[in-house]
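Please look over the sequence and structure before reading on.

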Amino acid sequence: MPEAITQSSALTDIGILTENDVTFYASDAFLGAKIRGIDYPRVTLARTLPFTLPEQYISVLDPDNKELGIVRALNDFPDEQKMLMREALRLRYFSPVIREIRSVKEKMGYLYMDVRIDGGERVFAVRDYSRNIRSIDAYRLIITDVEGNRYNIESFENMDTKSKRKLEPYLL
Amino acid sequence: MKGIFMTNHSLPARLADVFKKQKCDAGKLLFYLSCDLLEDGNPGETLLAFDSDTLYTACGTVELIRTGGAKKLESVFMLKSFNKQPLRDFSNLRVERRIATSALLGDRDGKPVCLAVASIGETKRMEDFARAYNDYLKGETPRMAPYKSRVCPNCGMPYPEEGRDVCPGCSGKLSITGRLLSYFKDYRGKVAIIILVMLASTGFSLVTPYVGSKLLYDEVLTEGGRFFGLVFGIVALIFAARLCTTLMNILYTWVIGSIMPWIVYDLKLKIFTAMQRLSVGYYTNKQTGALMTRVNRDANNIYWFFVDGVPYLFVNSVLFIGVGVMMLRMSWKLALIAIAAIPLVIIFFRLMWSGFRMLHHRLWVHDAKLSSLVSDTLAGQRVIKAFAKEDAELDRFDNASGNLATAEVHLGNAESTTFPLVYLLMFAAQVIITAVGGIMVLRGEITVGTLIAFTSYMFMLYGPLEFMSWVSNWWSRCVDSAQRVFEIIDANPDVKDAEHPVEKDDIDGSIEFDHVTFEYEPARPVLKEMCLNVKAGQMLGIVGKAGAGKSTMANLMARLYDPTEGVVRIDGVDLRELPMSLVRRNIGLVSQEIYLFIGSIADNIRYACPEASIEEVIAAAKTAGAHDFIMKLPDAYETRVGAGGQDLSGGERQRLSIARVIIQNPKILILDEATAAMDTETERRIQDSINALKSGRTTIAIAHRLSTLRDADYITVILDGKIVEYGRHDELIRKKGEFYKLYTIQTEALKYTGIGV
């Protein structure tokens with residue numbers, strides 16, 4: 001295991017921001033942050049590992065996408081700020097969750113899907129499905145359609161049998 | 001001068017003869033070259049040879065002469081001219097490639113002279129001769145690669161594949177098949193079951209016509225028969241026999257199906273293990289794509305041959321013999337007629353198949369041409385549109401497509417006429433047998449039942465016959481595949497661990513090249529007796545023109561290849577004596593081609609240390625300047641890269657590659673043009689970060705761009721496989737040598753674009 005990395009200060013300084021270094025606040029429907037005395041009225045939160053560690057190692061970016069620091073864990077922060085951060089992440093990473101798959105038709109290499117999501121229905125086309133239906137771990141799937149829209153399936157196993165059977169032939 | 005030797009085989013008899021007749025000593029010759037043409041390009045033989053002071057040229061033709069009244073013609077070498085010239089008269093020997101020939105040129109009194117001409121296939125040997133000659137004149141050790149025969153010693157045919165000394169015509173089919181069969185060793189029991197079941201199945205199918213025809217007609221339906229009237233009984237028996245055959249078939253197919261995949265699994269595992277063990281040199285010789293296809297397709301060929309081919313062959317052979325026996329038992333006269341027809345049928349089938357093979361091949365060729373045309377035009381749309389050549393491409397397509405359609409028509413025609421004719425032939429044979437048999441029945445020689453059974457047996461013969469006529473091809477293909485597979489399994493890695501490697505836990509990182517010579521191909525050295533010393537913790541910059549040998553040095557340091565001569569030492573120990581795991585762990589190589597595995601960016605960075613924490617990964621990415629572009633991707637560190645994943649630019653991939661090696665944290669870091677695809681600003685930033693990690697690490701940086709080497713402690717300039725300059729940056733500038741030349745060219749170029757240095 002590499003030891004020199006932890007010894008060299010130039011390397012370990014990845015810009016961690018602890019709860020003492022930064023305070024988040026709500027600012028006109030955006031998220032603002034005060035980092036070591038400097039005020040940033042608008043910051044963006046970006047996940048480094050969106051699937052495996054959704055609430056850890058969050059990068060804090062300024063409006064020009066310059067990184068201001070990395071927050072180790074949401075849980076390090078008091079509840080109020082945690083909620084603000086969660087909401088900011090939710091807005092940024094929002095994608096609809098598929099609750100039920102009504103039909104999947106394959107025509108000439110494209111998949112035409114008709115699904116039910118929270119709050120409605122969607123019909124979309126998926127191209128190159130071996131690439132655009134991606135399984136994150138044993139349960140989750142992300143489907144990207146031809147327009148770039150993303151759809152989540154949180155737990156494929158827990159879906160109803162009909163939905164599973166419709167999609168199964170196209171999973172790799 | 002050490003080691004002057006004649007590396008090619010000794011002068012062939014006819015040429016040694018010439019020397020003797022001219023009263024010259026062939027024993028003193030150092031090298032010779034035999035060209036298959038005369039100087040004027042006509043067929044003949046030109047011999048060039050030299051000893052320590054003379055260049056000999058002998059030209060002659062080969063003629064067929066009837067010697068001394070003998071009936072046969074003998075080929076004799078007729079000498080036309082013999083020249084002796086002082087060695088020093090000629091210098092700077094070189095080879096000029098023409099269209100189908102090559103010429104050996106030399107300079108005499110400053111003017112070029114043609115010394116010999118040969119077919120282009122001999123070019124390499126000409127080049128070797130030229131190099132040996134030039135080296136000898138310079139006073140260096142001349143070396144010539146040993147003469148390697150490109151012809152199979154057994155049958156005299158040339159080896160079809162470059163680099164592979166295998167003659168497909170002479171390969172021992174039986175020995176390879178034997179070796180394949182050895183994979184079935186562990187399944188002996190199941191194989192025995194399979195054989196028994198197949199025999200039983202064949203037995204039952206042989207019984208069916210006997211019961212269904214002979215017994216039925218003669219004993220059940222005829223008055224006075226043994227089982228007269230027992231129709232239901234006989235029908236039940238017929239059905240039972242058929243049922244047993246089917247059950248046996250199912251059984252043996254099932255058992256084969258249960259063992260073959262595991263045998264192929266075994267084979268594939270051995271292949272993959274062997275491939276992992278092999279050194280880098282093996283992979284550079286053969287394209288990876290060809291290897292992949294080879295492993296897959298060959299394993300499949302072997303699989304199908306054993307699953308389909310072998311059982312079918314076995315069953316059909318037994319059936320054939322069984323049917324023959326039954327026929328002979330029933331009526332030897334009819335049997336003889338049937339047997340007489342067999343050779344005709346076999347010949348006919350063979351002709352048919354070879355004819356079809358031609359038509360199929362032609363079809364395949366046109367199909368392939370059309371496919372490649374389509375993929376070509378689709379890929380080149382930009383160019384086609386730029387030159388407004390759509391109509392021309394359409395014509396090309398029309399033509400190719402038309403050819404394909406025509407070929408298909410031909411094949412279809414052949415098939416629609418041939419198969420019915422074949423069946424007609426078989427029917428004719430049956431008719432003849434029926435006629436002869438009918439007469440025999442009327443004469444009372446055989447019974448009706450016998451005749452009908454006989455006809456059924458005849459039909460059972462045709463299947464096996466047809467199969468036999470093409471199983472041989474199938475077998476050949478399987479053997480060919482097995483041979484390729486065994487080649488990989490048998491290949492010996494060039495670079496392997498010593499028997500008793502030196503025990504060492506850690507290394508400091510000093511590198512030494514002790515008169516290292518290296519050649520990728522025999523007698524073409526890339527590095528020549530190179531001596532170099534790098535102290536642990538230093539940074540060495542290596543510059544040189546393309547092809548000078550810089551990447552080769554990196555490969556030798558990382559022990560991807562072993563030196564041909566000389567020693568590479570780490571911490572004073574021969575690299576070959578150190579355990580490979582220690583070496584690989586402590587040497588990090590960032591090369592120009594970056595391979596990203598299929599997986600997330602984080603996985604790729606962590607490749608050397610899968611247990612690295614996310615903080616270490618981010619830290620490494622930041623040092624390598626990769627963090628920013630990674631965070632711009634929606635899935636950040638979990639973005640899928642590698643084949644079929646996110647496409648990254650050259651610079652981005654280089655940065656990931658650097659992050660990868662930072663996590664590895666090796667004692668020796670080799671950067672081979674590691675920042676070539678980046679702009680100078682990004683490069684500068686990355687270099688600064690890497691510099692922060694410099695202490696305690698030996699860094700070797702190879703570059704074209706001198707700005708890359710700004711932080712090097714020492715710089716060395718490589719030219720033509722040798723070190724021509726070595727020293728500190730300022731020293732070399734003051735010297736005004738090679739390095740200074742490169743430096744001024746690059747700064748001049750920058751000045752020209754208006755950038756001050």
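The sections below take up the model and its conventions, the interface, a sheet and some helices.

## Basis of the model

The model is predicted, and local features need pLDDT of at least 70, side-chain atom pairs count only at pLDDT 80 or more, while totals for chains, interfaces and linings use all residues. Residues are numbered from 1 along each chain as its sequence is written, and chains are lettered from A and ligands numbered from 1 in the order in which they are written.

## Interface of chains A and B

In this model 23 residues of chain A are in contact with 22 residues of chain B, contact being counted when C-beta atoms, placed from the backbone, lie within 7 Å. Two or more residues each come from helix H1 (4-7), helix H2 (9-12), strand S5 (44-49), strand S6 (53-61) and strand S7 (67-73) of chain A, where helices (H or I, at least four residues) and strands (E, at least two) are DSSP runs numbered from the N terminus. S5(A) gives the most to this side, with 4 residues.

The side of chain A that touches chain B divides into 14 nonpolar, 5 polar and 4 charged residues; Ala, Val, Leu, Ile, Met, Phe, Trp, Tyr, Cys and Pro count as nonpolar, Asp, Glu, Lys and Arg as charged, and the others, Gly among them, as polar.

## The open sheet of chain B

An open sheet of 4 strands in chain B has the order S1-S2-S3-S4 with antiparallel pairing, two strands being paired if DSSP finds at least two bridges between them. Strand S1 (31-37) and strand S4 (74-86) of chain B are at the edges, each with a single partner strand, so one side of each lacks a neighbour in the sheet.

Strand S3 (residues 54-65) of chain B pairs with S4(B) in the antiparallel sense over 12 bridges, and B:Cys59 stands opposite B:Ser81 in S4(B).

## Helices of chain B

The axes of helix H10 (residues 390-442) and helix H11 (residues 448-490) of chain B come within 10 Å and cross at roughly 160°, the axes being lines fitted to C-alpha atoms over the stretch in contact, with angles from 0 to 180 degrees between N-to-C directions. That makes H10(B) roughly antiparallel to H11(B), a word used for angles over 145 degrees. Their contact has 8 nonpolar, 4 polar and no charged residues.

Helix H15 (residues 614-623) of chain B is mostly covered, with 8 of its 10 residues buried, that is, with 20 or more other C-beta atoms within 10 Å of their own, C-beta atoms being placed from the backbone. Just after H15(B), B:Gly625 takes a positive phi of about 75°.

Terms used
Two residues are in contact if their C-beta atoms, placed from the backbone, lie within 7 Å. Angles under 35 degrees count as roughly parallel, over 145 as roughly antiparallel, 65 to 115 as roughly perpendicular and the rest as oblique. A residue is buried if 20 or more other C-beta atoms lie within 10 Å of its own, exposed if 12 or fewer, and partly exposed in between; C-beta atoms are placed from the backbone.
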